[in-house]
Amino acid sequence: MSWEEEIKELRSRESLAYRLGGEERVARHRANGKLTVRERIEKLLDPDSFHEIGAIAGKSKYDEDGYLLEFMPANFILGTGKILGSKVVVGGDDFTVRGGAADGAIIGKQVYAERMAHDLQIPIIRLVDGTGGGGSVKFLDSEGFTYVPVNPAWDLVVGNLELVPVVSACLGSVAGLGAARVAASHFSVMVEETSQLFVAGPPVVKFGMGQDLTKEELGGVQVHRTSGAVDNIAKTEEDAFEQIRTFLSYLPPSVWKLPPVLSTQDDPSRKDERLISFIPKNRKTPYKIRELLPMIFDQSSIFEMGRYYGGGTLTCFARLDGYSVGVLASDPYVNGGGLTAESSDKIERFVDLCQTFHLPIVNLVDQPGMVIGLPSEKKGTIRKGVRAIAAIYQATVPMVEIIIRRVFGVGGAGMSNGHGLNLRYAWPSGDWGSLPVEGGVHVAYRRELEASDHPDALLKELLDRMESVRSPFRTAEAFGIEEIIDPRDTRPLLCDWVKDAYELLPQQLGPSKHGMRP
């Protein structure tokens, strides 16, 4: 009266599933420099933490007596595991079974993975390789009919963005639904040389558009490093998994919990002497913003996202005395740090991410305003810039503004909610106004300059006179800036602020009033 025979059959079927697409296809897959889906899951998760669900789902053939003749596992593996000790859902495409296409899929497994993350309120990681369960003409040939497409579990895919961290790795040639699953994430990463991402692959593009391109030319890292379709680039799959683990370390498992607070050996009272001379006295001289961050935030705590998309704006996670925060900053080496259509889009998405998962925001402001000129106008920069400003104004997470140099125009004004408490501090290098003095003088005194016999001398006289007026101390006299600080005091001040911010965060728990979009 034992069920031992059934357990033996279960183990036999499991062993068939562990073979993936078979020795030949697995060898070909590895020869292309790629890990198998099971190897990927093992390297991503904490050791021995993976609990698989649906391992023996697949497609089988039986003889007349009902005995199993052939078994091909579904090309999607799912389960739960742990990352840094916290539970997650992980789902991965198996490219060795029909290239991840629909005719090798048991689509219910993808749906179940999204449902698990949604209902258990834990993060989900998608390891995407191939079409990700998307279409295949062979499916139509075998089934004998076509269908009106519906993106499977898309209500959950979109809904999860509002509730739990969603991460995707592009780990091969990913098209169609697979590409959409990568894009519908809070954080996405692809791998140099082995990853490509596109709406449709080269054969379809050649037929439909007449463009004869290789996979790398159409959707390789050189395309997507600056496209905004993915956030980061990894050198290897192992590097991609490490980035995923790091990204998740800053976030709570769901919107109903607070971000984690880690222990740190970095003194919250640390004052870096380099800060007093970091901003050049010459206003035209740029500086390297990434060298500034370790002087203020916890050592080795900086995790940047989307470096090359909207490069004039830097977005990253960091820690202050162990507390997770989001960071916005301008990079004066790219478009002077001004707002472009791309950097505005980047700000909007990042602020929404911090709002969704209750990360306080530190805004290091050196904002000359929206980038001007015909190319910017053609991109609708003003609308994109207004969307970024709207995201900042709609955010209810604690936000602090450190003005390190310029604040000009609509773009500069939009870097904090000037109608709220507007918690902000300025360095002595602060320089602000409705527009830069140098440009404003030409406008305000145009007639005088045109009528003058010595316009250059008059211009210099006007600028010299304005120089004392533009002093930040004049603004502080009128309480137009609440506090000017010694740059070396920035870290101690922020480490004190972040504790107050986290005291307020419990009021923010739950979904944001405006949902996160991809």
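## A guided tour of the predicted model

Begin by selecting residues 58-62 and residues 68-73, which are strands β2 and β3, running antiparallel and joined by five bridges; strands here are DSSP runs of E with at least two residues, helices are runs of H or I with at least four residues, and both are numbered from the N terminus. Two strands pair if DSSP finds at least two bridges between them. Within this pair, Ser60 has Phe71 of β3 as its bridge partner. The two strands form a hairpin with five residues between them, and in the turn Gly66 has a positive phi of about 85°.

Before going further, note that this is a predicted model, in which local features need pLDDT of at least 70 and side-chain atom pairs count only at pLDDT 80 or more, while totals for chains, interfaces and linings use all residues. Residues are numbered from 1 along each chain as its sequence is written, and side-chain values use heavy atoms, with hydrogens and water left out.

**The whole protein**

Zoom out to show the protein, whose secondary structure comes to 21 helices and 18 strands, and whose C-alpha atoms fill a box of roughly 105 × 55 × 40 Å along the principal axes. Of its 518 residues, 52% count as buried, where buried means under 20% relative accessible area, exposed means over 50%, and partly exposed lies in between, with a 1.4 Å probe and protein chains only. Among contacts with a separation of 6 or more, 73% are between residues 24 or more positions apart, contact meaning heavy atoms within 4.5 Å.

**The open sheet**

Next, select the seven strands of an open sheet, which has the order β1-β4-β5-β6-β7-β9-β11 and mixed pairing. At its edges stand β1 (51-53) and β11 (232-234), each with a single partner strand, so one side of each is left without a neighbour in the sheet. Direction ignored, neighbouring strands of this sheet are turned by 25° against each other on average. Inside the sheet, look at β6 (residues 124-128) and β7 (residues 166-170), which pair in the parallel sense over five bridges, with Val167 in β7 as the bridge partner of Ile125.

**Around helix α11**

Leaving aside neighbours within four places in sequence, Phe247 is in contact with Val167, His186, Phe187, Phe303, Met305, Phe317 and Leu353.

Arg40, Lys43 and Leu44 of α3 make the contact with Glu237, Glu238, Phe241, Ile244 and Arg245 of α11.

**Helices α13 and α15**

Move on to α13 (residues 341-356) and α15 (residues 381-394), whose axes come within 8 Å and cross at roughly 20°; the two helices are therefore roughly parallel to each other. To see where they meet, select Ala341, Ser344, Ile347, Glu348, Val351 and Asp352 in α13 together with Thr381, Lys384, Gly385, Arg387, Ala388, Ala391 and Ile392 in α15.

In the loop between β4 and β5 (86-93) is Leu84, which has a positive phi of about 55° although it is not a glycine. Glu193, in the loop between β9 and β10 (196-198), also has a positive phi, near 75°, and at 69% relative accessibility Glu193 counts as exposed.

Is Thr36, the last stop, buried or exposed? Thr36 lies in the loop between α2 (23-31) and α3 (37-44), and with a relative accessible area of 3% Thr36 is buried. Apart from neighbours within four places in sequence, Thr36 is in contact with Leu20, Val26, His29 and Arg30.

Definitions and conventions. Axes are lines fitted to C-alpha atoms, for helices over the stretch in contact, and angles run from 0 to 180 degrees between N-to-C directions. Angles under 35 degrees count as roughly parallel, over 145 as roughly antiparallel, 65 to 115 as roughly perpendicular and the rest as oblique.
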